[in-house]
Amino acid sequence: MAPTQTQSSLPFMPTSAMEEQTIRSNFIRDEDERPKVAHDVFCDDIPIISLEGLDDEDGGAKREAICKSIVEACQEWGLFQVVDHGIDAQLISDMFRLCKDFFNLSPEEKYKFYMSAGKKGGFQISSHLQGQLVQDWREFFIYFSYPTENRDYTRWPEKPEGWISVVEEYSKKAMELACKLLGVLSEAMGVEREALTKACVNMDQKVLINCYPKCPQPDLTLGLRPHTDPGTITLLSQDQVGGLQATRDGETWITVKPIPNAFVVNLGDHGMFMSNGRFKNALHQAVVNSETSRMSIATFQNPAQDAIVYPLAVREGEKPMLDAPITFAEMYKRKMARDTEIQKFEKTANPMEKK
């Protein structure tokens, strides 16, 4: 754990500024980056799919219809919601309760688990992106949950009591659901059901808990900047506040309507490459509001660092998206390099102080 620090020596935390009247300049985004749609103006365009019957191998037309809906959602959006997924509602409720209790701890308690370089999990503020000019209005905690040998339990807080066992069970159930959905997509590509899971080699999973504190000027900032996830598939559970937004064209944003106990599923860059672009990597962001804080829990299922990235199947008339196979580590490195270049461009293009 990090050494104990006094509150005055701690970095700025948005949870400590919820009652202020204005936000600091390093959270203010340029006008073209600011939210265009409010956190609670919901849209019904995102597919909602019941998974009841998906496990029935003799389900016939019902299972076929579920699989068809999943495939179509991945082709059109790369993002959809699932209900009747088999993960117990009480487990989800317990997870949110404990996450809320953690972010209600004092800044000093949270900072004991600050995730500095090389640490496998912990508490963070804003974003992982190095050199980010404008910060995100959020705090988060990340668990390294799979492979299980990667778990460093010294990075798993004992406060609030019971959180460790709940995270263990939650991450297990999320991994099972993710692999089940990847099986549907593998079959749709004409390969064996386990193909995508096997392509990940020893699948990595991280559990990330986002806290988006209420914000005095939500129209000037974002909870999380627009991005695609680098990995294979992400499952996200969100509270009922609203704030997750997605776009198909990179310009028109819609707010995903929260559904109790549902999971928002989105594909990442790895999933997109492995399908040769047939399935989209969803571009998404998070907005904040001035009324109440919001929480979400994401589980990222990613390939091992040495897993090979190359399309599993290329349809007739298509060419592979990649010139040659690369490792996931190299794919991730290229993505981070692009994101860093974008940051440098923004800093060069916007040298004046934000208004």
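Trainee: What makes the largest nonpolar core a core, and which of its residues touch the most other members?

Mentor: A nonpolar core is a set of buried Ala, Val, Leu, Ile, Met, Phe, Trp, Tyr and Cys residues joined through side-chain atoms within 4.5 Å, where buried means under 20% relative accessible area, exposed over 50% and partly exposed in between, with a 1.4 Å probe and protein chains only. The largest such set has 66 residues, of which L51, I70, M95, W163 and I209 touch the most other members. Helix α4, residues 163-188, supplies the largest share, 12 residues, a helix being a DSSP run of H or I of at least four residues and a strand a run of E of at least two, numbered from the N terminus. A second, separate core of 18 residues includes C43, F144, L208 and L244. This is a predicted model, in which local features need pLDDT of at least 70 and side-chain atom pairs count only at pLDDT 80 or more, while totals for chains, interfaces and linings use all residues. Residues are numbered from 1 along each chain as its sequence is written, and side-chain values use heavy atoms, leaving out hydrogens and water.

Trainee: Why is C67 called buried?

Mentor: The relative accessibility of C67 is 13%, so C67 falls under the 20% limit and counts as buried.
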